[in-house]
Amino acid sequence: MGCNACGEQVSLNLITDNITIGQDIVLTCTVHGIQTIDRTTTRQWSMGDDDELICYNGRINNLRKYDEKILFGNEFCLTIFNITEADLNIAYQCRYGFDAASKLIEADKPTSILSLRLENDLITFGGDIILTCTVNGIRALDSDVTRQWSMGNHDQLLSYNGRINNHRKYKETIFHGNAFSLKILNVTVQDVNVTYRCRYGFDTATYFIKMSESASLQKGSPCYHSSNIPCRIAETHKDKGNLTRNDTISFTEKLGTKTNVPLLATLIPSAIIVVAVAVIYIVIAKRKHQRKGKNT
């Protein structure tokens, strides 16, 4: 900003309060000591150490990127469209006649707020758990910023910048954008009822994976609650047990029925043979009796 005591009659201000990537910013140049802008006096906008020309007396070098307006009174302004990182941390300059003023446009410090979430609806022994850490306030992860995963009360280190302490147990994935995840392989009892932490730079987020007490009492049930998701697997296994038991009983009953069939098949012919023998015996006995009567 110029100072009138030094003979500088121009000041430059940033109208936009917050600078956001993708939005527009407006720079306003104020000419002190006059009431209105004289259009015949040279106006100029430039940027950077090389004083790259942006606008000269209303003639813009890139109409898609910049726009100049002469405001009511003693001001004129420059609008920069669709701010990118290339537009920031640069000094912009306005000139009016032989007077000039400059201002450094700096990027706002991003507010990095971590959030950690569990991707699984249900946790099963032998399965996998996936935790995703999201860095809010940035578009992409910075490879120079420390990433870290740890667990438990003693903050046991699991991964540091992608270097895993146990490749058979853990795997880290970096996504396009502002998130990275940890996969816990072959889940056991030691992996639940534990607090997990992700770190990005100086920020930390935690997530406690809780195993429900009711589920833990059901021996042989591999199902545990994650967050407030109800456990269904134990119930399913219990129903399957009933079905298996019923199937066994049904099979035994069927087996008994099948055993009776061959038994009847054996008894019926035997009875027929006995009856036939008895009939033959009676016939023979009757004939002998008839012969004795004739001889007499």
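**Before you look: what the exposure words say.** A residue is called buried when its relative accessible area is under 20%, exposed when that value is over 50%, and partly exposed in between. Keep these cut-offs in mind for the views below, and remember that the structure is a predicted model.

View 1. Val279 has its place in helix H2, which covers residues 233-295. Its relative accessibility is 45%, so Val279 counts as partly exposed. Together with Val275 and Val283, Val279 forms a nonpolar patch on the surface. The three valines share about 230 Å² of accessible area.

**View 2. A disulfide joins Cys29 to Cys94.** How many disulfides does the structure hold? There are two, and here is one of them. The sulfur atoms of Cys29 and Cys94 are 2.1 Å apart. Cys29 belongs to strand S2 (residues 25-31) and Cys94 to strand S8 (residues 90-96), so this pair ties together parts that lie 65 residues apart in sequence. Look along the S-S bond: the torsion is about 65 degrees, so the disulfide of Cys29 and Cys94 is right-handed. Are these two cysteines, Cys29 and Cys94, buried or exposed? Both are buried.

**View 3. A disulfide joins Cys133 to Cys198.** In this link, the distance from S to S is 2.0 Å. Cys133 sits in strand S12 (residues 129-136), while Cys198 sits in strand S18 (residues 194-200), so the pair ties together parts 65 residues apart in sequence. The link of Cys133 and Cys198 is right-handed, with 60 degrees about the S-S bond. Cys133 is buried, and Cys198 is buried too.

**View 4. Two further cysteines, Cys55 and Cys77, can be found in the model.** Cys55 has a relative accessible area of 0%, so Cys55 is buried. For Cys77 the value is 7%; this is under the 20% cut-off, and Cys77 is buried.

**View 5. Ring pairs link Trp45, Phe76 and Tyr96 into a cluster.** A search of the whole structure finds four aromatic pairs, and this view shows some of them. Start with Trp45 and Phe76: their ring centres are 5.6 Å apart and their planes stand at 75 degrees, so the pair is edge-to-face. This pair links distant parts of the chain, with Trp45 in strand S3 (residues 43-47) and Phe76 in strand S7 (residues 75-80), 31 residues apart. Trp45 is buried, with a relative accessible area of 0%, and Phe76 is buried with a value of 0%. Now move on to Phe76 and Tyr96, whose ring centres are 6.3 Å apart with planes at 40 degrees, so the pair is tilted. Phe76 in strand S7 and Tyr96 in strand S8 are 20 residues apart, and their pair links distant parts of the chain. Both Phe76 and Tyr96 are buried.

**View 6. Five strands make an open sheet.** Follow the strands in the order S15-S14-S13-S18-S19, and you will see antiparallel pairing. Why is one side of S15 and of S19 left without a neighbour in the sheet? Strand S15 (163-164) and strand S19 (203-209) stand at the edges, and each has a single partner strand, so one side of each has no neighbour there. Within the sheet, strand S13 (residues 147-151) pairs with strand S14 (residues 156-160) in the antiparallel sense over four bridges. To find your way, look for Trp149: its bridge partner in S14 is Ser159.

Methods. Residues are numbered from 1 along each chain as its sequence is written. This is a predicted model: local features need pLDDT of at least 70, side-chain atom pairs count only at pLDDT 80 or more; totals for chains, interfaces and linings use all residues. Side-chain values use heavy atoms; hydrogens and water are left out. Two strands pair if DSSP finds at least two bridges between them. Helices (H or I, at least four residues) and strands (E, at least two) are DSSP runs, numbered from the N terminus. A disulfide is a pair of cysteine sulfur atoms within 2.5 Å. Buried means under 20% relative accessible area, exposed over 50%, partly exposed in between (1.4 Å probe, protein chains only). Patches are made of residues with over 30% relative accessible area and no salt bridge: like charges are joined within 9 Å, nonpolar side chains (Val, Leu, Ile, Met, Phe, Trp, Tyr) within 5 Å. Accessible areas come from the Shrake-Rupley method with a 1.4 Å probe; for residues, only the protein chains shown count as cover. A salt bridge is a side-chain nitrogen of Lys or Arg within 4 Å of a carboxyl oxygen of Asp or Glu. Rings of Phe, Tyr and Trp (its six-membered ring) pair if their centres lie within 6.5 Å; planes under 30 degrees apart count as stacked, over 60 as edge-to-face and the rest as tilted.
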